[in-house]
Amino acid sequence: MPLKIKGRSKRKSIDLPLSQWMADKGWQWFPHQLEVFEAAQAGKNVLLCAPTGAGKTLAGFLPAFGALLSVNERSGLHTLYISPLKALTVDVHRNIGKPIEEQGLPITYETRTGDTPSSKRARQKRKPPDMLMTTPESLSLLISYDNAAEYFKSLRFVIVDELHALMSSKRGDLLSLAIARLKALAPQAQFIGLSATIPDPELARDWLCGSEGAIIQAPARTQPNIRILQSAKRIPWSGHMAIYAMEEVYAEIAKSRMSIVFVNTRAQAELIFQQLWKLNEKDLKIGLHHGSLEPELRRRVEEHMAKGLLDCVVATSSLDLGLDWAEVDLVVQIGAPKGVSRLLQRIGRSNHRLNEPSRALLVPTNRFECIECQAALDAIAHKELDGTDSRKGGFDVLAQHIFGTACSGPFKADALYDEVRRAWPYRDLERKQFDETLQFVIDGGYVLKAYERFKRLVIDADGSYKLAHPRLSRQYRMNIGTIVEAPMLKVKRGRQYLGVIEEYFINHLSPGDTFLFAGEVMEFLALRDATVMVRRTKADAPKIPSYDGGKLPLTTHLSLRVRELLEKPKEWKNLPENVGNWLSLQAKRSILPSKDRLAVEIFPRSGKYYTIIYPFAGRSAHQTLGFLLMRRMKRRGERPLGFVATDYAIAIWSLKKPTHIEGLLCVDLLGEELNDWLEDTPLLKRTFREVAVVAGLVERRHPGQKKTGRQMTFSSDLIYDVLYKYERGHILLRAARQDATSGLIDTGRLSDMLIDMQGKIQVRELDSVSPLAVPMILEIARESVSRREAGEYYLEDLQQQLLEEAGCGTAT
């Protein structure tokens with residue numbers, strides 16, 4: 001019988017499920033867990049915002065346990081749990097199963113993801129468990145079946161975990177549409193959202209369940225114990241791999257019980273794992289986890305971590321969210337965190353308990369990253385968080401949802417439009433936009449309707465829309481999802497598949513070339529039937545897979561913090577000594593950026609003029625600005641030769657000295673200049689390919705075969721050219737432009753920066769390179785020099801020359 005648990009003094013005693021299990025463990029309920037239970041019992045939708053280790057998942061399931069244990073007979077799916085990660089779904093299944101198994105509770109619980117065997121999925125379709133843990137894509141599949149209304153009719157609770165991680169992406173668009181569908185299929189269902197602590201919980205609540213839901217805030221965790229590595233070695237001026245610090249990182253790992261080493265890209269993960277393995281004189285058990293590895297390899301690492309069989313795992317964002325490994329007592333972040341909330345999410349993997357401080361070590365890969373790491377620590381000390389991003393729903397995702405709705409049965413356009421508008425990202429969707437998207441799903445639109453292959457829907461006698469042919473439902477289910485990565489190829493060693501790697505990387509390899517993959521140095525043998533054949537090798541100079549995905553953007557809030565730190569010399573004492581000396585020398589030789597000043601430096605070197613701009617607006621915005629400035633400088637006759645962009649600055653080199661910098665950086669840069677540039681580049685074609693795949697215009701998979709990246713690109717490019725020539729207003733061309741401007745080129749952030757800096761641009765003309773510009777000149781060289789040994793020697797010599805020119809002595 002459940003224990004009587006009392007909350008705060010004004011709360012009445014309530015019967016809580018699992019209380020006996022909690023008592024047997026010596027645990028007590030947190031007040032926020034009780035509040036979630038009470039709010040759900042009162043029939044409310046709930047958003048719980050809580051830090052890592054606060055028992056969010058158990059709080060989310062608690063009302064479901066109470067409802068399931070209060071009835072003797074039940075049938076059908078009762079509780080649906082949705083997570084953004086397959087790994088998190090498996091982890092939650094394991095953790096929720098503990099009280100069920102240990103207490104012998106009559107509750108069935110299972111997972112359903114893309115990795116679930118087809119036989120199990122078929123059985124779940126006929127006889128669902130009481131609790132089902134799944135992902136947004138699998139949910140969209142479930143609502144596309146013709147028995148969806150019957151399947152969900154008994155649904156009582158929908159739990160959406162890590163809500164903050166979904167709201168700003170196309171996966172969030174897809175989930176919001178599925179939730180709107182669920183509300184129509186199961187109007188009695190209550191929604192419980194689980195989120196990290198965020199600055200604007202009302203936005204997350206409205207996104208999930210509207211303004212009537214209850215918001216419950218858990219108390220903050222004990223202040224984390226975070227430090228920046230104070231390396232005995234000199235911090236590199238440029239680069240992104242932190243090789244200089246690996247011996248010190250290994251020593252920290254060896255002293256810890258269990259640790260996670262987070263990196264920002266998959267290529268970094270491979271390299272860091274290999275470096276740690278070379279140093280592994282203590283025979284530590286080190287694992288590797290990133291999204292390109294085979295699911296079985298990832299699952300094995302997750303299981304070994306959960307059982308305490310590993311000492312360390314090197315991971316990307318594939319392990320960012322929610323995984324409950326209480327034995328982890330150290331998180332190492334290689335490279336700058338790029339965001340305060342992201343950093344807190346990652347370090348929350350350490351000491352996964354509310355009343356114990358997380359322990360983390362930040363390892364900057366270069367000097368600018370040192371400043372960013374310190375700015376992140378300052379923000380955490382002041383309890384500041386990044387804002388929660390949200391977005392307008394994409395037309396391509398809407399097209400996919402309309403197609404999926406037709407797979408479940410005929411629908412009326414008016415009813416579906418009303419339903420779609422109940423999804424938060426589509427709340428402002430105009431009827432004209434809906435009708436254009438619907439018309440695209442019907443026959444491809446004005447130009448494409450001449451082709452039979454684009455006819456997917458027909459109108460029934462009663463005005464309903466239905467599939468033109470039953471086989472189309474299989475086509476939909478084989479191509480569902482919104483994640484469109486660069487074209488990938490399977491990697492196979494002997495009879496074992498190891499994972500996938502980008503096609504364009506393999507296209508540059510010759511037999512005998514080596515590269516890092518799955519934590520080992522592999523030799524490329526051949527490409528057979530779209531499979532990369534490899535074997536192990538002992539070569540010590542591998543190429544590194546350059547995965548397109550995984551680059552994290554610098555958040556606006558952290559960017560502001562970095563600029564604030566630069567204008568406060570008294571706070572530089574917290575930085576490594578040689579970094580503080582570097583900034584002091586910059587202040588003497590030139591100018592420093594600040595939150596109220598855009599610093600620009602111009603200096604001659606080797607017959608060229610270098611213009612360095614320091615906006616700190618993130619790589620995407622800087623790359624866009626670089627392209628636009630090149631066009632404008634070319635028109636002005638300043639003969640630009642090239643540029644490089646980082647998260648912090650842009651460097652442009654030209655044959656003539658730029659003049660009138662204020663006019664060069666004028667806001668009108670984003671008018672005709674931007675439009676002309678977009679028309680001249682393949683960027684829109686690239687985003688159109690992704691939009692076309694999501695919308696179902698170009699299929700990734702057919703029964704028995706999968707298209708190569710080259711085939712998909714060829715198909716989408718042909719369609720793009722036809723639409724661009726004959727139907728420029730096509731809904732997917734507009735979707736592609738929206739994706740390009742809001743994502744890849746980040747025009748919104750660039751526009752904000754240019755507007756804010758008008759009248760605040762300070763130009764300093766110098767005789768030679770400044771201390772702050774040294775890393776940027778090295779970035780230029782790094783872009784143009786191969787990684788081979790001769791290239792490294794060249795970079796070392798160039799660095800020494802630059803330091804002498806900038807007046808940087810041994811103190812820096």
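**View A. In strand E15, the bridge partner of isoleucine 334 is valine 363.** The model is a predicted one, in which local features need pLDDT of at least 70 and side-chain atom pairs count only at pLDDT 80 or more, whereas totals for chains, interfaces and linings use all residues. Residues are numbered from 1 along each chain as its sequence is written, and side-chain values use heavy atoms, with hydrogens and water left out. Strands (E, at least two residues) and helices (H or I, at least four residues) are DSSP runs, numbered from the N terminus. Strand E14 (residues 330–334) and strand E15 (residues 359–363) pair in the parallel sense over four bridges, where pairing requires that DSSP finds at least two bridges between two strands. Valine 331 is found opposite alanine 360 in E15.

**View B. Strand E14 is mostly covered, with five of its five residues buried.** Buried means under 20% relative accessible area, exposed means over 50%, and partly exposed lies in between, as computed with a 1.4 Å probe and protein chains only. In a regular strand, the side chains alternate between the two faces of the sheet. In E14, Leu330, Val332 and Ile334 point one way while Val331 and Gln333 point the other way, and all are buried. E14 also pairs with E11 in the parallel sense, over four bridges, and serine 259 stands opposite leucine 330 of E14.

**View C. Six strands form an open sheet with parallel pairing, in the order E10-E15-E14-E11-E13-E12.** The edge strands, each pairing on one side only, are E10 (225–228) and E12 (286–289). From one strand to the next, the twist averages 20°, and such angles run from 0 to 180 degrees between N-to-C directions, with axes fitted as lines to C-alpha atoms, for helices over the stretch in contact. Helix H11 (residues 266–278) packs on the sheet, where it touches E11 (259–262), E12, E13 (312–315) and E14, and its direction makes about 170° with that of E12; contact here means heavy atoms within 4.5 Å. Helix H14 (residues 367–381) lies across E10 and E15 and runs at about 160° to E10.

**View D. The axes of helix H8 (residues 170–185) and helix H9 (residues 201–209) come within 9 Å and cross at roughly 50°.** That angle makes H8 oblique to H9, because angles under 35 degrees count as roughly parallel, over 145 as roughly antiparallel, 65 to 115 as roughly perpendicular, and the rest as oblique. From H8, Gly172, Leu175, Ser176, Ile179 and Lys183 meet Trp207, Leu208 and Cys209 of H9. The residues of this contact divide into five nonpolar, two polar and one charged, where Ala, Val, Leu, Ile, Met, Phe, Trp, Tyr, Cys and Pro count as nonpolar, Asp, Glu, Lys and Arg as charged, and the others, Gly among them, as polar.

**View E. Arginine 422 lies in the loop between helix H16 (413–420) and helix H17 (431–443).** With a relative accessible area of 54%, arginine 422 is exposed. The C-alpha atoms of arginine 422 and serine 176 are separated by 8.7 Å, although these residues are 246 residues apart along the chain.

**View F. Helix H2 (residues 31–41) is mostly covered, since eight of its 11 residues are buried.** The buried residues of H2 are His32, Gln33, Leu34, Glu35, Val36, Phe37, Ala39 and Ala40. H2 is followed by glycine 43, whose phi is positive, near 85°.
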